[in-house]
Amino acid sequence: MSFEIHVSGHVADVVEQTVPALVGDLVASGITAGDADLWGPDAAAEAARRLGWVQAVTVSRPLVAEIEALRTELVGRGITRVVLAGMGGSSLAPEVIARTHGVPLTILDSTSPGQVLAAIDGDPETGGLAETVLVVSSKSGSTVETDAARRAFSAAWSDLGIDPAERIVVVTDPGSPLEASARAAGHRVFAADPNVGGRYSALTAFGLVPAGLAGADIGQLLDEADATLLEVAVDDPRNPALVLAAAIAGGEPRRDKLALVSDGTHIVGLPDWIEQLIAESTGKSGTGILPVVVTPLSPELDLAPDDLQVVRIVGDAVHFQILEQHPGEVLVSGSLGAQFLVWEYATAIAGRLLGIDPFDQPDVEAAKSAARGLLETQPETSPPAFVESGVEVRVSDPELLADGTLAGVLAGLWRRVPSDGYVAVQAYVDRGSVPQLAGVRELIAADSGRPTTFGWGPRFLHSTGQYHKGGPANGVFLQITERTDVDLEIPGLPFTFGRLIEAQASGDATVLAARGRPVVTLTLTDPATEVLTLFEAAQ
């Protein structure tokens, strides 16, 4: 088998109780056949145009030769560095593919001016702008982050006397605004399947084009998925997608938080991809499954709250015996192509168990609209409630300012977490300059005693941002922003990258606060130094 799953303890009981009904209702074969009625009449219209991913392996086969031919052509012209401008599902899958296959792919999924400049400049190992091709991936063709990146790269190439038409490859849906403008500009265009949503697009052009141009063996990836097609399509209690769906979305009371941990697997970064797939698919109508990406030593695994289900991604079948010491966990093993396919099926099935439409994202637009409004009006930034060691503190609720210290504000925020709640850390900063900031997640999880997520902004707005607004109203939010002298114009637009990321953070905070979610915003004025201040306060 190309994918194996092992359940034990309470989760084995949940699977035993849940899977027979899924088998009896012919859910697996129904998904494979494109039955849009599986999620109820309200979801049927959306599901009818979002099930193309089931056929992705077959549909994507002809792309392999096209992508490999383009890579050969580019390398022959000395263009060896690949940068991907994409958000959410357009960047997370190719990132996992490239890292797992050990090939260099620069991901630009931020509007931080420092990150944009670094992506344009390149480095000695992968090459500079003169050796770069930019893959612009946007399903809608109107994603502001990818459009801004395209404009910045085009201007930089023009400054070097290089024609941008020869350096930009576009992946988008047919008929999108981006397709029309890209063809008019002379860019190479890969038209994606319009019947596949972004987060289910790992095995389509969105996942394959950037990873394949970077040198990943995408033919092998499709072979791995192909070997799993029969396993997930049959109505059988051993179907790994049915078992996985039951394990993460079945039972009563349901464990609605999912700890994702890699333990000895060759696949690099898969939990980040699973996080956006599950959070955006299930976090709506006041329900959902909250994925929490952890390490084997994270506090959540010691705290073991009764609303947290652990899924451990392990290396091979041998580990299933070794890891019997983890009763009640879900252990999965398989190739990357198999993992993509099984998790897509399982997430769609989980949507049925939850009674929601797993293919829409009704709350994602709210933060985008708020950001657009701020860019149009350009209001003055509100003054901080106080400043401690250079860190500016702003809060959605004045009661959080009780003792007027940074540590006190954070402690007050943790106290707002209900017994079934979570903490979400949102970092709108240049992660290339302060990658250590991600380590604050572990400290906060230990200090708050609750599952804690960490997302780089604005990337997470296109994935877990849906859960934050549409899922259960039991989260508290810590925003981390930065004030920096580094900025970059966006050619043709009336705002800079610095202004854009500031508006995205402010817009998201406004929407969260309007929906009753407590928000604390900490602005670092000297990030490299003040990260230590934040770490101390978080403990």
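I started with naming: helices (H or I, at least four residues) and strands (E, at least two) are DSSP runs, numbered from the N terminus. The model is predicted, so local features need pLDDT of at least 70 and side-chain atom pairs count only at pLDDT 80 or more, while totals for chains, interfaces and linings use all residues. Residues are numbered from 1 along each chain as its sequence is written, and side-chain values use heavy atoms, with hydrogens and water left out.

I looked up Ser91 first, and it is in helix α5. Is Ser91 buried or exposed? Ser91 has a relative accessible area of 0%, so I noted it as buried. My cut-offs: buried is under 20% relative accessible area, exposed is over 50%, and partly exposed is in between (1.4 Å probe, protein chains only). For contacts I took heavy atoms within 4.5 Å. Skipping neighbours within four places in sequence, I found Ser91 in contact with Leu84, Gly86, Ile107 and Asp109.

Next came Ser154, in helix α7 (residues 144-159). Ser154 also went down as buried, because its relative accessibility is 14%. Which backbone oxygen lies 2.9 Å from a polar atom of the Ser154 side chain? That is the backbone oxygen of Arg150. A polar contact here is a pair of N or O atoms within 3.5 Å; within protein, one must be able to donate a hydrogen and the other to accept it, and residues adjacent in sequence count only if both atoms are side-chain atoms. Again leaving out neighbours within four places in sequence, Ser154 is in contact with Pro164 and Ile168.

**Helix pairs**

Two packed helices are described by the angle between their axes and the distance between the axes. The axes are lines fitted to C-alpha atoms, for helices over the stretch in contact, and angles run from 0 to 180 degrees between N-to-C directions.

I took α4 (residues 56-76) with α9 (residues 205-214): the angle is about 30 degrees and the axes are 9 Å apart. That makes α4 roughly parallel to α9. The scale I used: under 35 degrees is roughly parallel, over 145 roughly antiparallel, 65 to 115 roughly perpendicular and the rest oblique. I logged the α4/α9 crossing as right-handed. For the hand, left-handed means the near helix is turned anticlockwise from the far one by less than a right angle, and right-handed means clockwise. On the α4 side I listed Ser60, Leu63, Ile67, Leu70, Arg71 and Leu74, and on the α9 side Ala205, Leu208, Val209, Gly212, Leu213 and Ala214. By class, the contact of α4 with α9 has nine nonpolar, two polar and one charged residues. Ala, Val, Leu, Ile, Met, Phe, Trp, Tyr, Cys and Pro count as nonpolar, Asp, Glu, Lys and Arg as charged, and the others, Gly among them, as polar.

Then I checked α19 (residues 440-448) with α22 (residues 527-538), where the angle is about 20 degrees and the axes are 9 Å apart. These two are therefore roughly parallel to each other. How is the crossing of α19 and α22 handed? I have α19 passing α22 in a left-handed crossing. Val440, Leu443, Ile444 and Asp447 of α19 meet Leu534, Phe535 and Ala538 of α22. By class I got six nonpolar, no polar and one charged residues for α19 with α22.

**Helix α10**

In α10 (residues 218-226) I found Ile218, Gly219, Leu221, Leu222, Glu224 and Ala225 buried. Their cover includes α4, α5 (89-101), α9, α11 (229-233) and α16 (336-354). Asp217 caps the N-terminal end of α10, with a side-chain oxygen 3.4 Å from the backbone nitrogen of Gly219.

**Loops**

Pro194 is in the loop between β6 (188-191) and α9. I put Pro194 down as partly exposed because its relative accessible area is 38%. Beyond neighbours within four places in sequence, Pro194 is in contact with Arg49, Arg50, Lys139, Asp173 and Pro174.

Where are the cis prolines I looked up? A cis peptide bond joins Glu252 and Pro253, with omega about 0 degrees, and Pro253 lies in the loop between α12 (240-249) and β7 (257-263). A cis bond also joins Gly457 and Pro458, with omega about 0 degrees; Pro458 is in the loop between β14 (452-456) and α20 (464-470).

Last, positive phi. Ala304 is not a glycine, yet its phi is about 45 degrees. Ala304 is in the loop between α14 (299-303) and β9 (308-314), and it is exposed at 52% relative accessible area.
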